[in-house]
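Please read the report below alongside the sequence and the 3D structure. Headings mark the topics.

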Amino acid sequence: MAPPSNNAQLRALVSQFTSYTGASEKIATKFLRLAGYKINDAIDEYYHQNEGAAPATSTLISELGSLFDSLRDDEKDGKNSMELASTMNYLNNELKVNIENAELFVALELLQAPTIGEISREGYVAGWKSSNVNASHKEHAKHLRKVIKALPKDAALFKRVYKYAFVVGRENDQKSLSLDTALIYWDMLFAPPGMPWKNAHRDWLALWKKFLAEKWTRSVNRDMWNMVLEFAFKSIEDDSVSFWNEDGAWPSVIDEFVEWCRANGVGKPEKMEVDEA
């Protein structure tokens, strides 16, 4: 088969390939070129190189592609993406997601959304395919509810969702979150159905927010975002913060937070409390 004579023909082939396989446009172009732009040969080779995906898997991917198309607005959305209105409609009406708490980030992480207001075809197909559920909105919503229920108890899951919130929440490819945005996200993640950053003795999230209001005006970079979670995990288990030491690998903002806490009588090691008694 001769190469496409114009860009429109190439886009049509690429779109057909991505709709069927859920692969990216870059991968679609690669396999089409290798197969001499024969669409069936390109798809066959793609599945052969991806461990020879079974027909049942191929069928599922095709069904997911059709489901994705049913969610798109042909006039407002791109061929391979749901923009803001379609994304919010899908999250609210089909998945029954509460977009004001951690449920939002669970859904976006599962679908590997590029931004909070967009869902790509590739992420949608790959996310639901890996979930091992049937291609139906009802089954997807049911599966998502199970994941959300596990969120506060599954540290690995929560860590994955928490870290993805930073990725998906940035605006215009910025390297950091604004402090205001980070505060909103912490409120969403460190509260039910997320993992509350508190225990029977202390509300650590409230202390953290008070510290930031008094001492911090800068943005929140990836390292700070991730290390706050590590500190949260440890402080929930250890009110004395004995795990912290000034020679550790904590970022300076965590060091300052611990110093601020101790200056306010919070988190002092047991030995210090005895000496001062």
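The sections below cover the model, the annotated domain, backbone geometry, salt bridges and surface charge.

## Model and conventions

This is a predicted model, in which local features need pLDDT of at least 70, side-chain atom pairs count only at pLDDT 80 or more, and totals for chains, interfaces and linings use all residues. Residues are numbered from 1 along each chain as its sequence is written, and side-chain values use heavy atoms, with hydrogens and water left out.

Helices are DSSP runs of H or I with at least four residues; strands are runs of E with at least two; both are numbered from the N terminus. Buried means under 20% relative accessible area, exposed means over 50%, and partly exposed lies in between (1.4 Å probe, protein chains only).

## The annotated domain

The UniProt record, an unreviewed entry, places the feature "domain: DCUN1" at residues 59-262. UniProt positions follow the numbering used here, feature names are shortened, and annotations may be inferred rather than shown by experiment. The span of residues 59-262 is 59% helix and 4% strand. Its end C-alpha atoms lie 59 Å apart.

## Backbone geometry

Most residues other than glycine have a negative phi, and most peptide bonds are trans. Two residues and one peptide bond are worth a look here. K96 is not a glycine, yet its phi is positive, about 60°. K96 sits in the loop between α5 (84-94) and α6 (103-110). K96 is exposed, because its relative accessible area is 55%. In α5, S86, T87, M88, Y90 and L91 are buried.

V241 also has a positive phi, about 55°, although it is not a glycine. V241 belongs to the loop between α12 and α13. Its relative accessibility is 2%, so V241 counts as buried. The peptide bond from P192 to P193 is cis, with omega near 5°. P193 lies in the loop between α10 and α11 (204-215).

## Salt bridges

How many salt bridges does the count come to? The rule asks for a side-chain nitrogen of Lys or Arg within 4 Å of a carboxyl oxygen of Asp or Glu. By this rule the count comes to nine.

D69 takes part in two of these contacts. With R72, the closest N and O atoms are 3.2 Å apart. With R121, the N to O distance is 2.6 Å. D69 is partly exposed, because its relative accessible area is 25%. R72 counts as buried, because its relative accessibility is 13%. R121 is buried too, with a relative accessible area of 1%.

D187 and K209 form another salt bridge, with the closest N and O atoms 2.9 Å apart. D187 lies in helix α10 and K209 in helix α11, so the pair ties together parts that are 22 residues apart in sequence. D187 is partly exposed at 34% relative accessible area, and K209 is partly exposed at 31%. Elsewhere, salt bridges that share partners join D69, R72, D74 and R121 into one network.

## Surface charge

Which residues gather in a patch of negative charge on the surface? They are E246, D247, E256 and E259. Such patches are made of residues with over 30% relative accessible area and no salt bridge; like charges are joined within 9 Å, nonpolar side chains (Val, Leu, Ile, Met, Phe, Trp, Tyr) within 5 Å. Asp and Glu count as negative, Lys and Arg as positive; His and the chain ends are not counted. A charge is placed at NZ of Lys, CZ of Arg, CG of Asp or CD of Glu. Areas come from the Shrake-Rupley method with a 1.4 Å probe, and for residues only the protein chains shown count as cover.

E246 is in the loop between α12 (222-237) and α13 (252-263). E246 counts as exposed, because its relative accessibility is 62%.

## Separations along the chain

D180 is found in helix α10 (residues 179-189). D180 is exposed, with a relative accessible area of 57%. D180 and V220 are 40 residues apart along the chain, and their C-alpha atoms are separated by 9.5 Å.

I39 is in helix α3 (residues 39-49). I39 counts as buried, because its relative accessibility is 15%. I39 and S136 are 97 residues apart in sequence and 27 Å apart in space, C-alpha to C-alpha.
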